[in-house]
Amino acid sequence: MENKFWHFFKPSSENAFLFMFFTTLILILIKFILTHSKPKNIPPGSLGFPILGEAWSFQKALSEDRFDEWVSERVAKYGPVFKTSLMGHRSIVMTGRAGNRFIFTANDNALVGHQTAPVISIIGDHSLFVLNGARHRLVKGAVFSFLRSESLQRFVGVVDDIVKRHLMQTLDGKDMMRVIEPLKETTFKVMCRVIFGFEGEEVESNDHASFFDDFLSLSKGLWSFPIYFPTTTYYRALGARRRVVERMRALVRRRKGEVEAGRAGAKSDIVSCLLCARDGERGGGGVREEEIVDNLITLMMGSNSTAVSLLASFIKAVARDDVVRKAVLEEQKKVMNEKENRDGNLSWVDIQKMKYTWSVAQELMRTVSPAFGNQRRVVRDTTFNGFHIPKGWQVLWVTTTHKDKDIFRHPEKFDPSRFTSGSSAPPFSYVPFGGGLHICPGYDYVRILSLVVVHHLILNYRWSEMVADEPVTRNPFAYPAMGLPIKLYRRIES
């Protein structure tokens with residue numbers, strides 16, 4: 001019997017074709033193995049444990065406000081660019097101005113918005129922090145158009161009225177208080193009135209109180225461990241999101257009817273602004289309902305939390321530093337005395353006069369940045385400082401430049417003059433709101449809201465801290481761990 005094995009090698013056109021086919025396939029496979037096994041110059045670092053990575057130490061550092069230390073330890077060991085892994089996401093952490101510049105100026109061909117799956121489950125997969133390409137440009141353009149100072153300045157009087165009616169009334173008659181809670185509630189009311197366009201009666205209703213409770217649950221769950229089990233923070237946050245989504249959908253549909261009827265327009269509130277936006281690249285299509293809802297939640301989380309974090313730092317600074325307290329008080333007295341209508345609300349002109357107060361705020365955000373940074377995802381293999389950054393990894397920018405002695409002289413010193421007129425930090429070194437193409441749209445909103453609150457607090461009260469050196473915790477925004485208990489003293493001088 002003829003050997004079947006030998007039969008395969010007998011000359012024939014069919015066998016020759018098969019031989020060439022398998023030979024080519026083997027050569028391609030060998031080339032693939034050699035190409036992909038070639039060592040890449042990926043930044044040094046540790047990926048930690050399987051799946052979990054270094055998430056535990058990362059979260060612990062945030063909760064104890066030791067994130068700068070967490071980064072510094074790795075920089076000392078691996079250099080200014082290092083790898084890590086957080087909840088299954090392989091990551092490159094970039095520190096320094098060069099890293100910030102790389103991340104903030106990269107276009108969508110290299111880096112795109114990205115968040116971890118647990119964060120996306122809270123803010124939604126249509127958030128500005130997740131959207132990319134044309135959809136991101138459309139939504140971002142609408143949000144920026146409403147939140148720029150030229151648009152917001154007409155709301156200064158509304159903000160002023162809410163702060164006086166809510167925060168000042170809450171503090172009235174109190175000699176001690178954990179001030180974080182009323183700050184959160186007041187800034188939330190301002191956001192609902194100015195940004196979302198709720199009517200005054202809605203903002204003061206009992207139903208609004210449950211909305212505020214859901215907001216608090218969302219905030220606490222943003223960076224919690226994703227354990228979906230009753231009683232966990234993450235479980236409660238997802239339940240709160242479902243209720244918030246229902247409320248936001250009802251708001252969007254109601255506002256859509258008002259826009260179509262001509263009773264609301266792009267300048268009325270952020271919802272109407274998003275409904276009026278059109279995509280010139282895609283035949284004039286608008287922002288979808290799910291995109292509006294997710295970005296209302298994103299704004300609710302980001303802008304409100306940033307303002308409260310900054311105000312907490314301001315209250316602590318004024319309590320500790322007599323020089324700052326006196327200078328801020330004198331400026332705010334001058335603003336009050338120069339108002340055309342002394343008993344009326346603050347105006348945009350008044351806000352513009354609070355230059356020293358805002359320089360204090362800027363220095364506070366340098367020393368205690370409300371957010372530690374953010375992340376983006378690599379969509380194609382790229383390089384940075386000679387390192388290979390693989391497609392599919394994420395990159396993190398961090399605010400460690402704020403403490404860099406080569407950028408800020410004596411960074412440990414609290415010095416508002418760094419941000420007075422004529423002074424400025426080098427590009428991509430001062431980044432509490434991000435930078436470049438990816439600067440946060442809420443900058444002017446936070447500025448207006450914070451200055452109005454400081455104006456009324458310092459003109460009406462003196463205060464002292466009840467817990468010396470109260471620790472700060474991040475989840476992910478920086479807050480006093482004990483709610484900032486203070487003693488209040490009503491001012492009696494004119």
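Colleague: What share of the contacts in the chain between residues at least 6 apart in sequence join residues at least 24 apart?

Modeller: In this predicted model, it's 71% of those contacts. Contact here means heavy atoms within 4.5 Å.

Colleague: And how much of the chain is buried?

Modeller: Of the 494 residues, 50% are buried, going by a cut-off of under 20% relative accessible area. As for the surface, the chain exposes about 24,000 Å², with carbon and sulfur atoms supplying 56% of that.

Colleague: What are the chain's span and its helix and strand counts?

Modeller: The C-alpha trace spans about 115 × 60 × 50 Å along its principal axes. You'll find 19 helices and 14 strands in the chain.

Colleague: Why is helix 9 called oblique to helix 19?

Modeller: Roughly parallel needs an angle under 35 degrees, and roughly perpendicular needs 65 to 115. The crossing is at roughly 45°, so helix 9 counts as oblique to helix 19. The crossing is also right-handed.

Colleague: Which residues of helix 9 and helix 19 meet?

Modeller: From helix 9, Val156, Val159, Asp160, Val163, Lys164, Leu167, Met168 and Leu171 meet Ile448, Leu449, Val452, Val453, His456, Leu457 and Asn460 of helix 19.

Colleague: How do the residues of that contact divide into nonpolar, polar and charged?

Modeller: There are 11 nonpolar, two polar and two charged residues in the contact of helix 9 with helix 19. Asp and Lys count as charged, so Asp160 and Lys164 of helix 9 go in that group.

Definitions and conventions. Residues numbered from 1 in each chain as written. Predicted model: local features only at pLDDT ≥ 70, side-chain atom pairs only at ≥ 80, totals over all residues. Heavy atoms only, no water. Axes fitted to C-alpha atoms, helices over the stretch in contact; angles between N-to-C directions. Helix = DSSP H or I, 4+ residues; strand = E, 2+ residues; numbered from the N terminus. Parallel < 35°, antiparallel > 145°, perpendicular 65-115°, else oblique. Left-handed = near helix turned anticlockwise from the far one by under 90°. Buried < 20%, exposed > 50% of the residue type's maximum accessible area, 1.4 Å probe, protein only. Areas by Shrake-Rupley, 256 points an atom, 1.4 Å probe, with all protein chains shown as cover.
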